[in-house]
Amino acid sequence: MPTYRPDLASIPRYIPGKPIEEVARELGIESIDKLASNECPTEPFPEVIEAIAAAGATVNRYPDSGQYELTKEIASHHGVDPSSVWVGAGSSDILRCAALSVGGPGTSAVFSHPSFVMYRIATLVAHAEPIAVPLDDHFGHDLDAMLGAIRDDTTILYVCNPNNPTGGIRSGADVREFVDAVDDRITVIIDEAYSEYVTDPDHESMLTRAPTYPNVLVARTFSKIYGLAGLRVGYGIGHPDLIGELRTTQPPFAVTAPGQAAAIEALKHQDQVTERSMLNAEGRVLLLKGLGDRGYRVAASEANFVYFVPEDDASGLFDGLLREGVIIRVLGEGVRVTVGTESENRHFLEALDTVGRV
Ligand SMILES: Cc1ncc(COP(=O)(O)O)c(C=O)c1O
């Protein structure tokens, strides 16, 4: 029998949302709405699909390992220097490499709970100790408690803004004050995977400020509003020296040529990105209101998902909705539902009524 790391069993497995095909097979249902993984409910832009096809003809060669063109386009889109941009195979790749580069035995990482599960997984994979700080009573990051949780051996801290799975934001002023209060020996990751969906004017991205700090990295992704989850492209923005160190643990050729080509093309369609964000906001209002009207305790959301706490059994609700052809996600004591198309959102609310209050 092979020899494994003794701590391997204690690392939680990432459990992805159930695939549509699997549910269809198991339950014999044809029409299924997957509202479980915060994906974009519509196809990539047509020009992006063409760019992917064209790049497909080059895949006998390794891709550009430095992602020269994509890095340049991301930099120009955000008005930062290309040396501040680091591209990865999804932002999960960026988060994992950051954890590996600053972690190790005798270090710790601070993050909220519930928050994106990859922070805990990346911490444990990096042989570091996780320090999870409960969200406040309004499902928001308790930034003071997070500051208080920092130990001498803490080397990394994650703030997910908006937070997955609860959806709320901390204001730009709060995040800036927080970052300024953290000693710069600690790498601060501001995960803005859902930033493009935010409509609250209090939100402020840390993107352009990040490179002015020695220790702040903002993580973004093409998996959400750009609709490229299946291609795995994300990026980090921070000081060039920080990026230079953090990317040491990244394998070469992390991002495929079709992935790079798709992301370059996707960035050109900002008008459609805005349109998607507006449509998402309408769907979000429908779901928040629908859940509130049905008496559920719902978290305020600025993202492409909503989070609520059923009175009793979250997994019973999950099973009931599954039988109605709707896949959601149980996370912590609550459930998270991705904003889908208008018909998917209505289907979810109807299914909820069929299943009844749980
Ligand atoms: C908060 C957050 N960060 C990062 C990611 C990772 O996205 P990807 O690796 O697809 O870029 C996700 C995906 O669900 C997320 O919810």
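Colleague: Which residue is the bridge partner of S108 in β5?

Modeller: T154 in β5 is the bridge partner of S108. Bear in mind that this is a predicted model.

Colleague: Which way do β3 and β5 run, and how many bridges join them?

Modeller: β3 and β5 (residues 154-160) run parallel, with three bridges between them.

Colleague: And how do β3 and β4 pair?

Modeller: In the parallel sense too: β3 (residues 108-113) and β4 (residues 129-134) pair over six bridges. To find a spot in that pairing, take F111, whose bridge partner in β4 is A132.

Colleague: Which helix goes with β3 and β4 in the β-α-β unit, and what's the handedness?

Modeller: Helix α5 (residues 118-125) makes the unit together with β3 and β4, and the unit is right-handed.

Colleague: Changing topic, what's the strand order in the open sheet with antiparallel pairing?

Modeller: That open sheet has four strands in the order β9-β10-β13-β12. The edges are β9 (297-298) and β12 (329-331); each has a single partner strand, so one side of each has no neighbour in the sheet.

Colleague: How many bridges hold β10 and β13 together?

Modeller: Four, in the antiparallel sense, between β10 (residues 305-309) and β13 (residues 334-338). F305 has T338 as its bridge partner in β13.

Colleague: What does α11 touch on that sheet?

Modeller: Helix α11 (residues 314-323) packs on the sheet and touches β12 and β13. The direction of α11 makes about 35° with that of β13.

Colleague: And which strands does α10 lie across?

Modeller: α10 (residues 270-293) lies across β9, β10 and β13. Its angle to β10 is about 10°.

Colleague: Okay, zooming out. How many helices and strands does the chain have?

Modeller: Twelve helices and 13 strands. The radius of gyration is 20 Å, close to the 21 Å that the globule rule gives for 358 residues, so the chain is as compact as a globular protein of that length.

Colleague: What does the C-alpha trace span along its principal axes?

Modeller: About 55 × 55 × 50 Å.

Colleague: What share of the residues is buried?

Modeller: Buried residues come to 47% of the 358 in the chain.

Colleague: Last one: among contacts with a separation of 6 or more, what share comes from residues 24 or more positions apart?

Modeller: Those residues account for 73% of such contacts in the chain.

Technical notes:
Residues are numbered from 1 along each chain as its sequence is written. This is a predicted model: local features need pLDDT of at least 70, side-chain atom pairs count only at pLDDT 80 or more; totals for chains, interfaces and linings use all residues. Helices (H or I, at least four residues) and strands (E, at least two) are DSSP runs, numbered from the N terminus. The radius of gyration is taken over C-alpha atoms; the globule rule is 2.2 Å times the number of residues to the power 0.38. A residue is buried if 20 or more other C-beta atoms lie within 10 Å of its own, exposed if 12 or fewer, and partly exposed in between; C-beta atoms are placed from the backbone. Two residues are in contact if their C-beta atoms, placed from the backbone, lie within 7 Å. Two strands pair if DSSP finds at least two bridges between them. A crossover is right-handed if, with the strands pointing away from the viewer, the path from the first strand over the helix to the second runs clockwise. Axes are lines fitted to C-alpha atoms, for helices over the stretch in contact, and angles run from 0 to 180 degrees between N-to-C directions.
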